[in-house]
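Please read it alongside the model.

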Amino acid sequence: MFTGIIEDIGLISDIRKSGGKWEFCIKTVFGGRGINEGDSIAVDGVCLTVTKLAKDMFYADASLETLSLTTLKDKKTGSRVNIERAMASDGRFGGHFVMGHVDGIGTITNISKEGDSIRLEVEIPPDLSRYIVRKGSIAINGISLTVNEQRGNMFSVNIIPFTVSKSTIGEINVRNKVNIETDIIGKYIESFVDKVSKKEITMNLLYEQGFIKGE
């Protein structure tokens, strides 16, 4: 699990394409320290597994399924990407629950300045809009952000200067594609409601589903 707080901007130094996967070689400050083989790591919000390490870089494979569902398929040698290591069990929780499982690809439709901040407007697949609420959380390319407005399959966020300086979000242009992960809490609620839609909601049902604890 991740928090959406970007730790480093990595540089893709090589991409090796084969029949069933792409192997990414990514230069980062964590290449020689802070990560181990087998660790989960988020690359532009996509959870990958570190397969091997070099002096200042790590390698990770992306399956064809992952490539088809994310913007990793658009990356080239020299692309910069947001990097976050999996959250440590004793670490501080600064963003929101980010799983690294991208729900869909959004398109930047407008970029504007609002004081010191940057306002992004994003179009997403219509089936994702039900998981987005005003003042709720969302991850764009792995960055934990707050939804300012939402209408139909469009939403907007404001990016403060600190976030711009610590991520690749300031490099985005209109019509660029971005990885979108909606808040996992909304998905759990939807799943619960779907399961109990034909049942009467009672204290016993809430207990069985883990929403309340017995005395």
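Is Lys-52 buried, partly exposed or exposed? Lys-52 counts as partly exposed, at 34% relative accessibility. Here buried means under 20% relative accessible area, exposed means over 50%, and partly exposed lies in between (1.4 Å probe, protein chains only).

## Basis of the model

This is a predicted model, in which local features need pLDDT of at least 70, side-chain atom pairs count only at pLDDT 80 or more, and totals for chains, interfaces and linings use all residues. Residues are numbered from 1 along each chain as its sequence is written, and side-chain values use heavy atoms, with hydrogens and water left out.

## Salt bridges between strands

The count comes to 12 salt bridges. Each is a side-chain nitrogen of Lys or Arg within 4 Å of a carboxyl oxygen of Asp or Glu.

Lys-52 pairs with Glu-23 in a salt bridge, at 3.9 Å from N to O. Glu-23 sits in strand E2 and Lys-52 in strand E4 (residues 46–53), so the link joins distant parts of the chain, 29 residues apart. Strands (E, at least two residues) and helices (H or I, at least four) are DSSP runs, numbered from the N terminus. Glu-23 counts as buried, at 13% relative accessibility.

Strand E2 takes part in another pair. Lys-21 forms a salt bridge with Asp-61, with the closest N and O atoms 3.1 Å apart. Lys-21 belongs to strand E2 (residues 21–27) and Asp-61 to strand E5 (residues 57–63), so this bridge ties together parts 40 residues apart in sequence. Both ends are partly exposed: Lys-21 has a relative accessible area of 34%, and Asp-61 is at 24%.

## A buried pair and a network

Asp-44 and Lys-75 form a salt bridge, their closest N and O atoms being 2.9 Å apart. Asp-44 is in the loop between strand E3 (40–43) and E4, while Lys-75 is in the loop between helix H1 (64–69) and strand E6 (80–85), so the pair ties together parts 31 residues apart in sequence. Both residues are buried.

Elsewhere, a network of salt bridges links Glu-114, Arg-119, Glu-121, Glu-149 and Arg-151.

## The largest pocket

The largest pocket holds about 350 Å³ of space. A pocket is an open set of points on a 1 Å grid over the protein atoms alone, with protein on both sides within 12 Å along at least five of seven lines; lining residues have an atom within 4 Å of a point.

Of its 14 lining residues, Asp-44, Lys-75, Arg-80, Asn-176 and Lys-177 are the closest to the centre. By class, the lining has 7 charged, 5 polar and 2 nonpolar residues.

Key
1 Å grid on protein atoms, 1.4 Å probe; cavity = no way out; pocket = protein on both sides within 12 Å on 5 of 7 lines; lining within 4 Å. Points joined across faces, edges and corners; volume = space filled by probe spheres on them. Nonpolar A, V, L, I, M, F, W, Y, C, P; charged D, E, K, R; others polar.
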